[in-house]
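Colleague: I have a few questions about this predicted model. Please show it first.

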Amino acid sequence: MSLNADPAFWAVADKHLTRYGPSFESIIVERAEGSFVYDADGRGILDFTSGQMSAVLGHTHPDIVSTVNRQMASVAHLFSGMLSRPVAALAERLAALAPGLDRVQLLTTGAESNEAAIRMAKLVTGGHEVVAFAQSWHGMTGAAASATYSAGRRGYGPAAAGSFVIPAPNSYRPRFKHPDGSNDWQAELDDAFELIDRQSTGNLAAFIAEPILSSGGILELPPGYLAALKRKCEERGMLLVLDEAQTGVGRTGHMFAFQRDGVTPDILTLSKTLGSGLPLAAVMTTEAIEQKAFERGFLFYTTHVSDPLTAAVGVTVLDVVERDGLVAQARERGERLKQGLLALQQKYECVGDVRGRGLLLGLEVVSDRQTKAPGFELGARIMEEAMHRGLSMNIVKLPGMGGVFRIAPPLTVSDAEIDHGLAIMSDAIETAARAQ
Ligand SMILES: Cc1ncc(COP(=O)(O)O)c(C=O)c1O
């Protein structure tokens, strides 16, 4: 019998654990290293989601382990008004990486960083209305959940007053088209803001956006979109908040995804990737915005703000990313992975689209290439077959789209691991498609 079936373990899990999302995997993870997690049978499973899209350095990276040990033994947590050297060091490092965003607050999770960003935008603009994309995910707490539209809105009562939504651009399934059939995102954006202007009571505070909507099915903002969005915000006196929880720290082949577009947001939130698997987040903004927020009494005082332990981890993450050239590596390995996925698209009818950049890629499964009809069941079967063969991938299922695999291995992934993952994917698709 597989040790993953341990009846005592599952009896406890089934009796005592709250089911907080889709079903649990049927393995027991005992340890993890590099690009692999290991189950109770000692079987290595290639982790193509970097944990929860976070572990950019892979699992149990030796530099992180040694930083945690060192920092834990000196100081891990403090009174929220006390400062320590790792906090100042990380703020300085981040500011140098994002010119113009000189002010940094260190927090814990992605949702929390977006709470702080939205709270700051409200205080500074005097408005309260927040616009987001219809396929967004910004977190499970109040303001972040009010700006999250990809899932989780039903059953929890009213969202914050003044929560507005516009469609995210989708080049595979464009809503507005140029005569040649390509996505006319500018027309879509103009149309969307016309509707926002009709709904607004004149109190717009912020637009919050992911540069690549990940939980929304790897929808990339096309070149030029971010600049156009920033103009829309400026015209209305609202701040542009960019949520780089998943795209920050090298994943897309730039340190931050917005750098491809040459557009600096008013507020940048980082989380997941910044701690490479440990709970660390940052909210970055300009001197002018921070000054205004301060003058108006900005309060975002939390238990783990400016904790030295996770700040030290953040410094180490940035050190390793720089030392090992991981931003360039994400671009190169990402290209290898994308070419492999495009080859799968050539080979299998059910692969409707391949998109994304760097090591944040999406593969959309459809049941009909011509009509682009969703292939949810096939996608779920492919995921099962892949897991069975030792590859963990995540599939997003959203109304109006097919099943989209989110593929985001650690930036430390090797060429051999990419090829291994692609081979498993190919087998999994072939087997699942044959069983149809
Ligand atoms: C883009 C984005 N923002 C925010 C969050 C929320 O982060 P957390 O779960 O750490 O609160 C997520 C989580 O998936 C995310 O993908």
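Colleague: Where is the place of Arg389?

Modeller: Start from the flanking elements. Helix 13 covers 376–388 and strand 16 covers 391–392. The place of Arg389 is in the loop between helix 13 and strand 16.

Colleague: Is Arg389 buried, exposed or partly exposed?

Modeller: Count the other C-beta atoms within 10 Å of its own: there are 17. Buried needs 20 or more, and exposed needs 12 or fewer. Therefore Arg389 is partly exposed.

Colleague: Which residues is Arg389 in contact with, leaving aside its neighbours within four places in sequence?

Modeller: Helix 14 spans residues 415–434. The contacts of Arg389 carry numbers from that stretch. They are Ile424, Asp427 and Ala428.

Colleague: How are helix 12 and helix 14 oriented to each other, roughly parallel or roughly antiparallel?

Modeller: The axes of helix 12 (residues 326–347) and helix 14 come within 10 Å and cross at roughly 20 degrees. Angles under 35 degrees count as roughly parallel. Helix 12 and helix 14 are therefore roughly parallel.

Colleague: Which residues of helix 12 make the contact with helix 14?

Modeller: On the helix 14 side, the contact uses Asp415, Ile418, Leu422, Met425, Ser426 and Ile429. By class, the contact has 6 nonpolar, 2 polar and 3 charged residues. From helix 12 come Arg333, Arg336, Leu337, Gly340 and Leu344.

Colleague: Which helix gives the largest share of the shell around the ligand?

Modeller: The ligand is surrounded by 14 residues, with Thr109, Gly110, Ala111, Gly139 and Ala245 the closest. The shell divides into 3 nonpolar, 9 polar and 2 charged residues. The largest share, 3 residues, comes from helix 5.

Terms used:
Residues are numbered from 1 along each chain as its sequence is written. This is a predicted model: local features need pLDDT of at least 70, side-chain atom pairs count only at pLDDT 80 or more; totals for chains, interfaces and linings use all residues. Axes are lines fitted to C-alpha atoms, for helices over the stretch in contact, and angles run from 0 to 180 degrees between N-to-C directions. Helices (H or I, at least four residues) and strands (E, at least two) are DSSP runs, numbered from the N terminus. Angles under 35 degrees count as roughly parallel, over 145 as roughly antiparallel, 65 to 115 as roughly perpendicular and the rest as oblique. Two residues are in contact if their C-beta atoms, placed from the backbone, lie within 7 Å. Ala, Val, Leu, Ile, Met, Phe, Trp, Tyr, Cys and Pro count as nonpolar, Asp, Glu, Lys and Arg as charged, and the others, Gly among them, as polar. A residue is near a molecule or strand if its C-beta atom, placed from the backbone, lies within 6 Å of it.
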